[in-house]
Amino acid sequence: MGEVGGGREGTDTLSPTAVTLMHLVNQRRILVRRLGQRPQRTLARSAILQGTGFLTGSWVRIGFRPAPANAGLIFQRIDTRKSVFLPARWDQVTGTDRRTTLGTDSGQVGLVEHVLAALAGLRIDNCLIELNGPEPPGFDGSAHPFVETLLEAGIVMQSASRGIWSVSEPITVSEGFATLTLHPAENDELRISYLLDYGHGSSIPSQKFTQTITPESFAREIAGCRTFVLDYEVEQLQRDGVGRHLTPADILVFGPRGPIDNRLRHANEPARHKVLDLIGDAALFGMDLRGHLVGCRSGHPLNVELIRTLARRMEERGSVLRLQAA
Ligand SMILES: [Zn+2]
């Protein structure tokens, strides 16, 4: 997966070699910098939800427990012989094919992104997420059931602070025609834009969505947007054991004439869901990001690649510039 630096105006007049060099130069100049901080937050009390997992078709239970400051978001498998703890962090990611997976065989948790989106979207920084199986309940493929439960449990502030970070220049990761860029913050906001484009003839029309992310806008505009598949993908997924218990009425399946046995919650629900996934994957950074995240045809592999790149850049000596918010 190639990482490229932010392009400059006029680079299209340079030779391909010059463009590559300029990308490398830019890339080295990009700093991941601290803009400020905010109080950390956790749940006021525990909450439990149950449902069927998409991957295994098993009935699973997820428990959200308050956690101390600086704990972060941690999954705990309580069904294994020895309890397995999996921090929701970029360096724990072991899979990005169609979903984000954490941990190794003995204690894996798959399809973590919708749960992480619910927590990160509501700015819940510290939480122990108990699971009695290898995945959370899938519900309708959105984050809405998690968000409702978390809001019912309530959110409290903690005394420790959480860093807010951005970049000094745009940073882009790309693969084929897919790109994901974080543009520097102009203010204390995270804005996310997504362009979905499966090409001419796809049963999912090209669409876009852009939103400044706050707990309120996340709950209202994004949390309820469901995951989606194309009808010809369903057979293969079900052969692999995924979603065998589901019918098109349960989640969003696109056929040649649009959603099968289902209605869209927004005309651009798929693009909104891609933003939901991005918020979930960005939680793996472990700190707040500000700026403008712009995804074009991107998915879990690029989401995780960008977070990994930012985290590694931060860890490099001398590349961290601490600036207080103006
Ligand atoms: Zn998703």
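Two strands pair if DSSP finds at least two bridges between them. Helices (H or I, at least four residues) and strands (E, at least two) are DSSP runs, numbered from the N terminus. Keep both in mind for this tour.

**Before you start**

This is a predicted model: local features need pLDDT of at least 70, side-chain atom pairs count at pLDDT 80 or more only, and totals for chains, interfaces and linings use all residues. Residue numbers start from 1 along each chain as its sequence is written.

**Whole protein**

Show everything. The protein has 7 helices and 20 strands. Colour by pLDDT, the predictor's confidence in each residue, from 0 to 100. The mean is 88, and 88% of the residues reach 70 or more. Select residues 1–20: here the pLDDT is below 50, and the stretch has 27 contacts in the model beyond near neighbours in sequence. Now select residues 317–326: the pLDDT is again below 50, with 17 contacts beyond near neighbours in sequence. A contact means two C-beta atoms, placed from the backbone, within 7 Å.

**Stop 1: strand β19**

Select residues 291–296, strand β19. Find Leu 180; its bridge partner in β19 is Gly 295.

**Stop 2: helix α2**

Select residues 113–121, helix α2. A residue is buried if 20 or more other C-beta atoms lie within 10 Å of its own, exposed if 12 or fewer, and partly exposed in between. In α2, 9 of the 9 residues are buried, so the helix is largely enclosed by the rest of the structure. Among them are Glu 113, His 114 and Gly 121. Show the cover next: it includes β5 (73–77), β9 (127–131), α3 (144–153), α4 (215–222) and α6 (269–282). After α2, click Arg 123; its phi is positive, near 60 degrees.

**Stop 3: a sheet of 3 strands**

Select β15, β16 and β17. They form an open sheet in the order β15-β16-β17, with mixed pairing. The edge strands, each pairing on one side only, are β15 (228–230) and β17 (258–259). Strand β16 (residues 252–255) runs parallel to β15, joined by 3 bridges. Look for Leu 230, which stands opposite Phe 254 in β16.
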